[in-house]
Protein chains: 2
Amino acid sequence: MKRVTLEEVARVAGVSRATASRVVNGASSVDESLRHAVQKAISSTGYLPNIAARSLVTRRAAAIGLLLPDEHRMNGDPHLASVVSGVTRVVRPLGIHLVLMMTGPGTRAQAMSDLRCGRLDGVILVHTDPADPVPGQLIAAGLPVVLAGRPLKPMPITYVDVNQTEGAALAGRRLKALQCRRIATITGPQDTPAGQDRLAGFLAEVPDAVVVHGDFTRQSGITAMEKLIRCCPDVDGVFVASDLMANGAIPVLHRSGRKVPDDVAVVGFDDSSAALTSEPELTTVRQPITDMAAEMARQLLRQITEPRSPATAVVFEPSLVVRDSG
Amino acid sequence: MKRVTLEEVARVAGVSRATASRVVNGASSVDESLRHAVQKAISSTGYLPNIAARSLVTRRAAAIGLLLPDEHRMNGDPHLASVVSGVTRVVRPLGIHLVLMMTGPGTRAQAMSDLRCGRLDGVILVHTDPADPVPGQLIAAGLPVVLAGRPLKPMPITYVDVNQTEGAALAGRRLKALQCRRIATITGPQDTPAGQDRLAGFLAEVPDAVVVHGDFTRQSGITAMEKLIRCCPDVDGVFVASDLMANGAIPVLHRSGRKVPDDVAVVGFDDSSAALTSEPELTTVRQPITDMAAEMARQLLRQITEPRSPATAVVFEPSLVVRDSG
DNA sequence: GAAGGGCGTGAGAGCGCTCTCCCAATCCTG
DNA sequence: CAGGATTGGGAGAGCGCTCTCACGCCCTTC
């Protein structure tokens with residue numbers, strides 16, 4: 001199994017290496033007969049371009065990174081497969097590799113090195129810690145980055161997000177439409193944009209809602225719901241800011257003798273797998289994760305091809321998925 | 001922001017490029033003072049080796065692929081984050097990239113190309129379709145591959161798996177210990193090794209168990225359980241061959257007026273997130289996914305460094321996680 | 001004190017590709 | 001039909017790195 005080089009293809013086709021290269025890269029100006037000869041040579045020799053060599057001269061790695069939080073935080077996030085799928089869809093046809101990096105000590109530094117030494121053309125940052133200095137460093141260095149989700153502090157960085165505020169409002173309208181009279185919400189962490197926006201959007205729609213805080217974890221959903229039915233026993237509608245929390249909260253309602261949705265309507269957020277493994281299945285706010293991921297990839301590619309293009313924010317509209325819980 | 005090359009480092013350190021290279025790659029025989037000078041030059045210039053150039057001459061991409069089934073099948077699998085995490089743990093300290101590829105039309109062919117043109121040093125195959133010819137082609141071509149899970153047909157390929165048979169036996173013993181008298185199992189698909197082994201292992205322990213077939217999906221768990229309580233109403237213990245199916249099956253029991261675990265004990269398999277989002281939480285058979293993934297990475301690396309090393313099977317022992325369902 | 005053996009170092013040849021010249025051939029225009 | 005404009009193709013210079021090879025130095029040994 002010997003390696004076939006462009007040189008060999010050229011020899012077989014009876015042209016120069018330059019012309020063979022033109023054909024491989026689809027350059028315009030090659031005579032049709034020569035193009036044909038080269039293509040025949042390529043398939044007869046089984047030629048595959050050596051990416052390392054190409055990368056060395058073009059200074060493109062043809063690879064992008066996906067920076068994820070560590071396993072633990074990720075387990076709460078049901079979206080990994082969808083994100084990967086969306087990015088892949090855009091990136092694969094271009095022959096670009098998707099490199100996964102999970103946060104650990106030094107991961108982000110590693111990603112920066114990979115970017116700077118040309119091993120990665122750009123990165124998508126998921127679930128970035130608001131205090132993380134890396135996004136700032138990256139944009140300062142003019143390196144292509146896209147954030148999943150609005151950054152906590154406004155900064156000139158491209159990001160893709162769902163309209164969290166509107167999603168929460170959707171949930172609020174649903175509960176009102178169900179004639180709920182005593183409405184509450186279990187929030188996400190208030191030091192994250194998603195947590196903030198979902199609360200704000202919900203309050204805009206249901207200003208007198210009872211507010212209990214959670215942190216997006218299932219356990220916090222349990223605790224918050226226990227607190228809620230203690231302090232507000234007549235609650236009949238609750239917007240839980242993540243499906244995972246809702247999944248924890250519903251059994252608490254059941255144990256307290258309340259039926260879902262008859263006594264208490266529950267609306268979640270995310271349309272994650274937890275929405276389907278809940279009993280009853282969750283009515284929830286859906287984010288088009290795969291499409292959003294694809295858009296992140298597109299935005300990143302744009303930045304790679306046009307280095308100095310301005311930061312953009314792309315915001316997707318959420319939708320309400322009505323199931324059995326409310 | 002200009003690129004620093006080894007040439008420049010060498011100039012700053014007052015040595016030749018060769019010596020600088022030796023220091024970068026930790027070669028032994030370099031005089032201590034020169035080594036120091038080079039190291040100082042490296043940090044003062046902020047040198048980062050260009051992987052493409054290195055890769056071109058060493059013929060190593062320093063990247064491995066993780067081939068996954070498509071999003072749809074993946075959603076059923078809760079393990080993606082754990083697998084990535086385990087592989088990353090082994091691979092990152094070595095500066096090796098993990099490239100994710102999701103199955104789609106042509107993905108596997110793409111992976112083969114990447115392997116053959118030296119863009120990937122090896123691949124880990126997850127959830128391979130038994131009919132897929134790719135694993136066979138890869139080993140025939142002598143390319144480094146590791147399978148997640150035993151192949152359906154015996155073949156000379158390295159794989160890492162959990163002792164499925166023993167795991168199912170663990171579940172059987174648990175149900176017997178709980179004094180269940182009428183025991184059943186909801187199986188996985190019988191055209192997969194995992195589906196087969198879990199049934200065989202369970203039957204070895206509980207030969208007179210009632211068998212209802214499922215296919216690992218949540219919906220099939222619902223259907224199977226409905227069938228089970230119809231044809232065998234006095235069932236008081238059931239081993240469901242995946243947590244996701246168990247998650248669907250338990251509400252069926254509840255709706256039929258049976259309490260879990262009081263009337264019917266349920267034991268699942270996987271210890272996936274579905275085990276925790278079930279109500280009550282699932283007693284289940286745990287696979288050490290992260291460790292298994294790490295082992296896959298190690299096996300792959302071994303194959304990469306020792307191309308003709310023999311195929312190995314590494315089998316991990318499962319454990320029973322006792323929670324509330326049985 | 002001369003000859004032999006290490007060991008550390010430098011020179012230089014590539015790895016396979018792209019891309020910029022530059023030249024030759026063709027086409028158009030006056 | 002001559003001159004310029006246009007176009008396609010080839011030669012060759014690198015991209016940044018590793019690694020072989022040969023050389024020089026120092027230490028040993030007789």
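How many salt bridges does the rule find across the interface of chain B and chain A? The rule finds four. A salt bridge here is a side-chain nitrogen of Lys or Arg within 4 Å of a carboxyl oxygen of Asp or Glu. In this predicted model, local features need pLDDT of at least 70, side-chain atom pairs count only at pLDDT 80 or more, and totals for chains, interfaces and linings use all residues. Residues are numbered from 1 along each chain as its sequence is written, chains are lettered from A and ligands numbered from 1 in the order in which they are written, and side-chain values use heavy atoms, with hydrogens and water left out.

The interface between the two protein chains comes next. Chain B gives 53 residues to the contact, and chain A gives 53 residues. Contact means heavy atoms within 4.5 Å. Together the chains bury about 4,500 Å². Of this area, 55% is on carbon and sulfur atoms. Buried area is the accessible area (1.4 Å probe) that two parts lose on being put together, summed over both. On the chain B side, B:Arg92, B:His97 and B:Arg119 lose the most area to chain A. These residues together account for 16% of what that side buries.

One salt bridge joins the side chains of A:Glu281 and B:Arg218, at 3.6 Å from N to O. Between chain B and chain A, 17 residue pairs are in polar contact, both residues being at pLDDT 80 or more. A polar contact is a pair of N or O atoms within 3.5 Å; within protein, one must be able to donate a hydrogen and the other to accept it, and residues adjacent in sequence count only if both atoms are side-chain atoms. Several elements of chain B each supply at least two residues of the side that touches chain A, including α6 (80-91), β2 (97-102) and α12 (243-255). Helices (H or I, at least four residues) and strands (E, at least two) are DSSP runs, numbered from the N terminus. The side of chain B that touches chain A has 25 nonpolar, 17 polar and eleven charged residues. In this scheme Ala, Val, Leu, Ile, Met, Phe, Trp, Tyr, Cys and Pro count as nonpolar, Asp, Glu, Lys and Arg as charged, and the others, Gly among them, as polar.

Both chains also meet DNA strand C. In both chain A and chain B, α2 (17-24) and α4 (51-58) each supply at least two residues. The largest share, five residues, comes from α4(A).

For A:Asn25, an N or O atom in the side chain is 3.0 Å from a phosphate oxygen. A:Asn50 uses a backbone N or O atom, at 3.2 Å.

Chain A is divided into domain 1 (6-49), domain 2 (63-162 + 290-316) and domain 3 (164-286). These bounds come from an automatic or database domain assignment. The C-alpha centres of domain 2 and domain 3 of chain A lie 30 Å apart. Nine residues from domain 2 and ten residues from domain 3 take part in their contact. The two domains bury about 730 Å² between them, 54% of it on carbon and sulfur atoms. One salt bridge crosses this interface. The side chains of A:Arg150 and A:Asp197 meet in a salt bridge, at 2.9 Å from N to O. Three residue pairs are in polar contact between the two domains.

Some backbone details remain. A cis peptide bond joins A:Glu279 and A:Pro280, with omega about 0 degrees. A:Pro280 sits in the loop between α13 (273-276) and β10 (283-286) of chain A. In chain B, a cis peptide bond joins B:Glu279 and B:Pro280. A:Asp271 is not a glycine, yet its phi is positive, about 50 degrees.
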